[in-house]
Each structure stands twice: as structure tokens, then as C-alpha cells.
Amino acid sequence: MSTAQNLIVENDDAPHSFRRHPSRGEVMAEICAQLDAFRADDAQVIRGATVISKDLSIDSLAVMDMIMELEDRFDVSIPMNTVAEIHTVDELADTILKLAARR
Amino acid sequence: MGLFDRHAGLLDAYRDVRTTGADPFQIRMERVLSPTEAIINGKKCLTVGTNNYFGLTFDPSCMQAAIDAIQAEGTGTTGSRIANGSYSEHVALEEEIAAFYGKKHCMVFTTGYQANLGVISTLAGPDDFLLIDADSHASIYDACKQTQAEVVRFKHNDPASLDARLRRLGDKPGNRLVVLEGIYSMLGDSAPLKEFVEVCKKYGAYVLVDEAHSLGALGDNGRGLCESAGVLDDCHFIVGTFSKTLGAIGGYCVSNDPDFDILRVTVRSYMFTASLPPSIVASVRQALKVVKARPELRKQLWDNVATLYDGLSAQGFKLGPEHGPVVGVHLPDRMTAIGFWRAMLDAGIYVNVAVPPATPNGVSLLRCSLCAVHTKEQLEHMIEVMTGIGRQMGVLPPKLRAAG
């Protein structure tokens, strides 16, 4: 359904290290899964460049709730101040990877 | 792009709302008759959406105290306490609230909104961490916009979610301030405060509880959830309002911290706004006496909560998770909620309508708030009216015929 999900295959870590060091593919796949319900229509494909609040039909509160789900999935906290600076799916993935790497 | 263009989406939604023939956000109370009745659209209506939990807006002793204060000291203070000085009554009110909680210090604000906004944004500074419940009131979210601390949101009423977020902070330097509410204003549910306090203790976090909707309603002395949960001493800061149970307007924060008073010269929403007028201070002081002297009002309130909550629940309405002075009735969508609200108003019952984005999880609600002086007859009539509208609008299944 989404191109980003296909990335899982090319760059996957061993399952046991998932929590500490998720791969970019895993993070992208999880973001796509979380955003799936907010696609503008069935034909829409979520990509790295997708602007979350503009290209999808999701309000700011739902964005924050989705971020809480991602936080628990990858065991990181994304401060609200940082959320305000995230626009695209790529930027969200970068933030999660950066925070996960810092643990 | 014009200044108002960015509100285009909201304007469209608002236009939809008004197609029902009434604007729930600009309702006019032509005359307020009592804590439970008002004239709206030329008609006497039962009011079940005023947060007037003890019905003290018309308490004769509170009204008289306000009248006496106006005659003695005039209508307003015309300035902030920092610039114009405090009246003796401001100081007396602060001492009485501090004593009510058994805390050493109290600061009074001009509104509850300003109390949360100023205290929360100032307590948590640069390099600190502010942790807030996802369903927090707008005043708490606005404090997050003002603070220089890092803000992290945890899942509503979920101590494990808070625990995970405090754990992730690890050994980063900086204070942790956790903000909770006694009773949440949309669905009337209480925080699992004892469990939250345990988590905060484990990580050495400060606890701030907003008792806006629980003052008077909870605890043997009406102090709120901090009292009923038995954690008064573990709550470092308690914030509340005079605009609900105490029937006026204003906010407060109490604490035992020895340096608490420094907030008087650091909290901007305290320093740069006019202080409460003498009449309000006087009626609030009297209302606090009434709360202490008449615990039966608390019992009456909860009896009324049970009548409305259990009555609506028995008819098949989907409600908030537990009994509370606020009873939130879930409706499937925004337009159904507005239509239902309008039909109730036509039938002479005023409640609040709450729709996204003002509600958690995008729910559409009829928000009812109980008053100790609602009568059982008034509430039974309301249940009957709502059941009728619910069936007519297809929110409830049609009436079952009695067997045989």
C-alpha cells in the first residue's frame, strides 16, 4: 500500500534489538500504519515527503495522539515543542531515530 | 492572504452549526432566575450546564456579603496588586484558602485560567520538564506554549504512561512537574490520583493538581480529589477556581513551599492584570464558609449525579466512564450533537454542547453539569425529554413494546 513500508525489507535489524535501535524502515512502517486511517482517499500513498497536517485529513489533536502511540512503540518521548517543528513523515522518522539513538 | 483566511475551515464548521437555527456558542440568557432556571429565547428553561455545583450564585449570605463589600469599598480595584497594592480582604481570602487546605501559602488570581496559565508556565523553567495529561484543560495547554520547559504529554488517566515518560527522562538534570486534574471537565471522570502520586514519588517529580471541578464535590471537607484520594500532603501545588462551586470568578494556588511567594513577582498573569473586585472577594469568602458549614450540599449534588447518570444510562445513552458532577453524553457526530442540543433547548432544557476540537479524541458530547439544588423532578423530566429526542433522532433504539 505504501512505498515506505517496503523499506523494511532492505534494512532490518535483528528482532531482539528492535526496541533499542529500530531501523528506519521499521519506523517508517509504523508511522504509515498509524497514519493509514487519515489518508485523504484510498488511492493516496504515504511517502517520506508527505506533509502530515496538510496532505492528510488529520487534526492537530489526532497528530499528538498518534505521536503518543509512536512514543510507546519506540520507547522515546518527543517533546511537544519538537512536534511543532515536524512537518513531513521523513522529519517524524528522523526525530524518532535520533531520539532512539541517544538512549 | 487575509488575516481571517486561515480560519476558513472553522468558519465552514461554524456555518454548519448555525444551520440548526441556534448558535450554541452565542446563547443569550435573557434573564437568569435561579441556579437552575433562566429565560432563553423568551422561554423559561431548566439549566443543566452551568458548573454551579452547589448553587451558591443565589445564596442569600453570599449575595449580601458582595453587596456590603461594594458599599464599603466600591466596585473595583482598578489595578494589579503589584502596582495598586492588596486590599485586606485579598490577603484574608488567601489566608482562608491556605487554611482550608492546611497549606502555608496561597495566591489568588483573577481567573482560574490565569492561575493555571501563570503558575504552570512559571514553575517549570528552562531545562525543566513539564508532563501533562493528554486531556488537560486549555489553560494548561496554553501554559505549555508559554513555558520554556520541555513539554511531554502522557495518556489520559494512565499512570503507566506517565511512568514510561518519566523513566525515559533518565538522569537528565532538571525538575519534573506533573500536571493533573481532579475531575476532567468534559466527561466528568476523576484522575487515579493515588497511583499517579506513587509514580511521581518514584521519580521525584512535583505534583500539581487542578481541582477546578472537584472543589466542594470531593473529599469529606470538599477540598477535592487530593482529599478524597488521601494525598493532600503529596500534592505540592493545588490550583482551583472560584467560578464553579464558589459561584463567582477567580483562581488560586496553594503550596507549602517556603519560597512560594516569589511567584508574586514572577507570574505575569498575576502581575499584569487587575485584582479581583471587593464584591467577588467577599462573596467567595462567604461561599467558602457555606461549603464548610453545609456538607449536605455535597450529598445532594451526588444524589443528583446518580439520578441523571443512572437514569440516562438505563435508557441506553452512552455516558462518561463514571459518576461525576459533569455528565457527558456521547453522540455519534457533531451535527447530531448540535441537533440534539437544539431540540433540548426547544423543550426548555439548557445543557452545553461540546464538539471537536474542544473535546478529547474528537468526540461530540452533550455536557450536563449538576447542581445540588436541582430537584429530582427536574432531572426525571430531563431524562424523559432526552429519551424522547434520542428515540426520535435514532440515537436510542425505538421503544420496546411491553411483552404480552
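A: We can start with one loop residue. This is a predicted model, and B:Asp127 sits in the loop between helix 5 (112-123) and strand 5 (129-133) of chain B.

Q: What is the phi of B:Asp127?
A: Phi of B:Asp127 is positive, about 75 degrees, although the residue is not a glycine.

Q: Where does B:Asn157 lie?
A: B:Asn157 belongs to the loop between strand 6 and helix 7 of chain B. Its phi is near 55 degrees, again a positive value in a residue other than glycine.

Q: Does B:Asn157 count as buried or exposed?
A: B:Asn157 counts as buried, because it has 21 C-beta neighbours inside 10 Å.

Q: How do I read a sheet, and what is the strand order of the open one in chain B?
A: Strands of a sheet pair through backbone hydrogen bonds, in either a parallel or an antiparallel sense. The open sheet here has seven strands in the order 4-10-9-8-7-5-6 (chain B), and the pairing is mixed. At the edges are strand 4 (105-109) and strand 6 of chain B, each of which pairs on one side only. From one strand to the next, the twist averages 20 degrees.

Q: In which sense do strand 8 and strand 9 of chain B pair?
A: Strand 8 (residues 206-210) and strand 9 (residues 237-241) of chain B pair in the parallel sense, over three bridges. In this pair, B:Leu208 stands opposite B:Phe237 of strand 9.

Q: Which helix lies across strand 7 and strand 8 of chain B?
A: That is helix 8 (residues 193-203) of chain B, which runs at about 180 degrees to strand 7 (176-181) of chain B.

Q: How many bridges join strand 1 of chain B to strand 2 of chain B?
A: Four bridges join strand 1 (residues 29-34) to strand 2 (residues 37-40) of chain B, and the two run antiparallel. They form a hairpin with two residues between them. B:Met29 stands opposite B:Ile40 in strand 2 of chain B.

Q: What domains does the assignment give for chain B?
A: The assignment gives domain 1 (22-51 + 295-392) and domain 2 (60-293). Their C-alpha centres lie 27 Å apart.

Q: How many residues of domain 1 of chain B are in contact with domain 2 of chain B?
A: 16 residues of domain 1 of chain B are in contact with 14 residues of domain 2 of chain B. On the domain 1 side, helix 12 (296-314), strand 11 (326-331) and strand 14 (364-369) of chain B give two or more residues. Strand 11 of chain B gives the most, with three residues. By class, that side has eight nonpolar, five polar and three charged residues.

Technical notes. Residues are numbered from 1 along each chain as its sequence is written. Chains are lettered from A and ligands numbered from 1 in the order in which they are written. This is a predicted model: local features need pLDDT of at least 70, side-chain atom pairs count only at pLDDT 80 or more; totals for chains, interfaces and linings use all residues. Two strands pair if DSSP finds at least two bridges between them. Domain bounds come from an automatic or database domain assignment. Two residues are in contact if their C-beta atoms, placed from the backbone, lie within 7 Å. Ala, Val, Leu, Ile, Met, Phe, Trp, Tyr, Cys and Pro count as nonpolar, Asp, Glu, Lys and Arg as charged, and the others, Gly among them, as polar. A residue is buried if 20 or more other C-beta atoms lie within 10 Å of its own, exposed if 12 or fewer, and partly exposed in between; C-beta atoms are placed from the backbone. Axes are lines fitted to C-alpha atoms, for helices over the stretch in contact, and angles run from 0 to 180 degrees between N-to-C directions.
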